[in-house]
Amino acid sequence: NSLGQTVDLTNCDREPIHLLGMIQSHGCLLVLSETLAVLHASETAEAWFRKATSDLIGTSVEDLLPPAAFSSLKRALSQLRSTTQVERDFGLELATGQVADMAVHVTGRTIIVEFEPSGDDTQRSDELVRSAMVRLGEARGVKEVLDETTRVVRQLIGYDRVMVYRFLDDGTGEVVAEDKIDGLEPFLGLRYPPTDIPRQARELYKRNLIRSIADVGDRPSLIQPPAAEPVDLSFSVLRSVSPIHIEYLTNMGVGASMSLSIMRGDDLWGLVACHHMTPRQLSLRTRSQAELFARMLSLLLESREQAAQVVDEQRVQALHGRMMTAVSRDTKAASIIDLAPELTRLLPSDGIGVWIDDGAALWGQTPSPEEFSGIVRFLNQKADGSIYATRNLAEVYPRAADFSGRAAGLMAIPLSRESRDYLVLFRREVVSKVVWAGNPEKPAQLGPNGVRLTPRKSFEAWQEMVRGESDPWKGNERRIAEVLRSTILEVILRLTSEAEADRR
Ligand code: BLA
């Protein structure tokens, strides 16, 4: 390959997966010049056009296609405005009598035209998408939307397993929703390291929102003649698959795979990841419907997350009110700890500690009172009056290693401007929280990179990576904490000035 070396587990984020020079063999690909002459063709094109590849090269595509198909191609080309756009048309009759679906896009100075067999799975898909969007629109919260997503996508494409895989800030991912046939081991709730979907693959999925692998056992078709600079297949609907990923899917017993990108603005929020245990070729039309669905899902999710944020703001407001009452001139730690259930609803945590005037109160899973006072001394050294958050306290405060099972990460909100008093939210080690629920049986056959490329080993790799760490404190959670902090400071300021007025 163009990396000039073998791809293995150590360098796969550098594998140029868009430059492999091959496509999946159920279709054919032509690279055309600006004058519509064939420059390169996949080996499969011989069967599609009943011509040897050497005869195809140099031929005008007009001479290869019946008039209707050719005018469809011209129409598609006239629609193209950017290099991120792929035009499609369906049910075109080719010279061989074969009925094909076509995808057309531009890369650099060349035009890429791809043909695939037209499927018979397309009849109901428009209606399925409509009905799916209605059901999804009725799902209230984010979690409900994701659960419903796995059901409707499985209905649309008929795969054995459909998951929603969400990316976390550290590049790891979590299976947050799943719908599957009985008998498959569940992956719901499991986490995976960033390497499982390497950086360049994630970049690609941001630009091309659907990735389909029709047959994991396929022998890909070479694009001929090989070019000095391999054709950029980023937007190809037939792009062949990295051998590493093929090995992963094979080890998993998967026959076909498809992923839809869920976008949040310009970021990849997650994937709808779908597996079929045997090869399965979805028509381009059904895949286009799935892509349309994913585009609408991204918008819907964004609006649901915004709604959830409004609810959070209302909760902060409500809490503000109760804080006002709890924080008084002679505030005791115990009066704030009463708010723990509400606090943990806003800022998911496993335990809470409050430290005021050398008095401590603890709630839920926390360090012991002695350990807590050690933490407070540590915080006092750090203190600059702002919020302090870490997912791995032991890294900066080694004694925390003793209690990382109970409290691996914390977020400390200073309760006074001198910042000797704190509200501390604790999170336990995430590894001890997420457990593999599935069947520990070994897969029957393994590829050259062995067990590492299986979901179970991959899960273990994630465990290694995050050992001693809690779930990260997300940006919006820090913002909520910031609001709480200023609420509390405001109250304290008012109390101080009242006290001063009393004195005068
Ligand atoms: C791609 N890896 C992917 C994709 C998924 C995963 C969903 C998108 C392509 C697809 O739809 O099949 C990962 N799939 C998972 C995970 C689960 C799952 C985590 O079902 C869990 C249930 N993969 C590895 C390692 C490497 C790797 C260690 O596990 C490299 C060292 C590479 N994964 C890899 C590459 C791709 C990929 C290169 C891109 C494939 C492509 O689009 O060509």
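The paragraphs that follow describe these parts in that order and end with a single residue.

The coordinates are those of a predicted model. A ligand is present, and the shell around it consists of 27 residues, of which Cys12, Ala201, Ser242, Ser257 and Ser259 come nearest. Sorted by class, this shell has 18 nonpolar, 6 polar and 3 charged residues. Several elements supply at least two shell residues each: the strands β10 (210-213), β12 (256-264) and β13 (267-276), and the helices α7 (243-251) and α13 (455-466).

In soluble globular proteins, nonpolar side chains tend to be buried together. The largest nonpolar core here has 43 residues, and those touching the most other members are Val153, Ile157, Met163, Val272, Cys274 and Ala290. Helix α5 (residues 142-157) gives this core its largest share, 6 residues. Apart from this core lies another, of 41 residues, which includes Trp363, Leu393, Ala408 and Leu423. As for Met163, its contacts, leaving aside neighbours within four places in sequence, are Thr150, Val175, Ala177, Glu178, Phe187 and Ala273.

Now the sheet. Strands of a sheet pair through backbone hydrogen bonds, either parallel or antiparallel. Here 5 strands form an open sheet in the order β15-β14-β18-β17-β16, and the pairing is antiparallel. Why is one side of β15 and of β16 left without a neighbour in the sheet? Both β15 (359-364) and β16 (388-390) stand at the edges and have a single partner strand each, so one side of each has no neighbour in the sheet. On average, neighbouring strands of this sheet are turned by 10° against each other, direction ignored. Between β14 (residues 351-356) and β18 (residues 422-427), which run antiparallel, there are 5 bridges. Ile352 has Leu425 in β18 as its bridge partner.

Two helices are placed against these strands. Helix α11 (residues 369-382) lies across β14, β15, β16, β17 (409-414) and β18, and runs at about 115° to β15. Helix α14 (residues 475-503) packs on the sheet as well, where it touches β16 and β17, and its direction makes about 30° with that of β17.

The last stop is Ala326, which belongs to helix α8 (residues 284-326). Is Ala326 buried, exposed or partly exposed? Ala326 has 19 other C-beta atoms within 10 Å, and a residue counts as buried at 20 or more and as exposed at 12 or fewer, so Ala326 is partly exposed. Ile336 is 10 residues from Ala326 in sequence, and their C-alpha atoms are 6.0 Å apart in space.

Notes:
Residues are numbered from 1 along each chain as its sequence is written. This is a predicted model: local features need pLDDT of at least 70, side-chain atom pairs count only at pLDDT 80 or more; totals for chains, interfaces and linings use all residues. A residue is near a molecule or strand if its C-beta atom, placed from the backbone, lies within 6 Å of it. Helices (H or I, at least four residues) and strands (E, at least two) are DSSP runs, numbered from the N terminus. Ala, Val, Leu, Ile, Met, Phe, Trp, Tyr, Cys and Pro count as nonpolar, Asp, Glu, Lys and Arg as charged, and the others, Gly among them, as polar. A nonpolar core is a set of buried Ala, Val, Leu, Ile, Met, Phe, Trp, Tyr and Cys residues joined through C-beta atoms within 7 Å. Two residues are in contact if their C-beta atoms, placed from the backbone, lie within 7 Å. Two strands pair if DSSP finds at least two bridges between them. Axes are lines fitted to C-alpha atoms, for helices over the stretch in contact, and angles run from 0 to 180 degrees between N-to-C directions.
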